[in-house]
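Visitor: Could you walk me through this one? I am new to it.
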Amino acid sequence: MKTIEGLSYRTVEKSDFEKICKLPQNEEELFFMFPKAEYPFTPDQLEVTVNSRFDSIVVLKNGEAVGFANFYEVKKNEYCSIGNVVVSADFRNQGIGRYLIEAMEKTGIEKYHASEFHLSCFNTNTNGLLLYSKLGYLPYETERRVDKKNDPVALIKLRKVL
């Protein structure tokens, strides 16, 4: 995992919820992060999600929460599925997304002995798709979904085998 000056990660704490809820800048970004959530995102919605998922982490840049992710599915000794990925708009294109995904992979390898990682990304999330492909994730399935306006979108499922 590449070290970037000023970056660290840790398990999310309830005191982080308010900041994390502000990371998605609009309804579309929240849809990319968490399609079932209602905009504006609230700490109550986040708490329900954190409590129903695994290993929610926050990435800190000089102590400020700038990224968030977790696992929505874990199959020990096989794979982990990464979800709720979001990076602060003010800190994008600075390696934080890579750092966040690599932190999740490190957690999955060390804690669950995962040899494969899954994540999903909507076709309209070009930046997410480009990041994931740069990190070695390849598409393996596409699912038809609808966005908040009831327009059709493709949920592209990607995987990385170590």
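This is a predicted model: local features need pLDDT of at least 70, side-chain atom pairs count only at pLDDT 80 or more; totals for chains, interfaces and linings use all residues.

Visitor: Which residues touch the most other members of the largest nonpolar core?

Guide: Those are I82, Y132, Y137 and L158, out of 29 residues in that core. A nonpolar core here is a set of buried (under 20% relative accessible area, 1.4 Å probe, protein chains only) Ala, Val, Leu, Ile, Met, Phe, Trp, Tyr and Cys residues joined through side-chain atoms within 4.5 Å. The largest share, seven residues, comes from α4, where helices are DSSP runs of H or I with at least four residues, numbered from the N terminus.

Visitor: And what does Y137 touch?

Guide: Leaving aside residues up to four places away in sequence, Y137 touches I82, I101, E105, F117, L119, Y132, L158, R159 and K160, with contact meaning heavy atoms within 4.5 Å.

Visitor: Switching topic, which residues lie nearest the centre of the largest pocket?

Guide: F32, V85, N125, G128 and Y132 do, among the 41 residues that line this pocket. On a 1 Å grid over the protein atoms alone, a pocket is an open set of points where a 1.4 Å probe fits, with protein on both sides within 12 Å along at least five of seven lines, and lining residues have an atom within 4 Å of a point.

Visitor: Which helix gives the largest share of that lining?

Guide: That is α5, with seven residues.

Conventions:
Residues are numbered from 1 along each chain as its sequence is written. Side-chain values use heavy atoms; hydrogens and water are left out. Buried means under 20% relative accessible area, exposed over 50%, partly exposed in between (1.4 Å probe, protein chains only). Helices (H or I, at least four residues) and strands (E, at least two) are DSSP runs, numbered from the N terminus.
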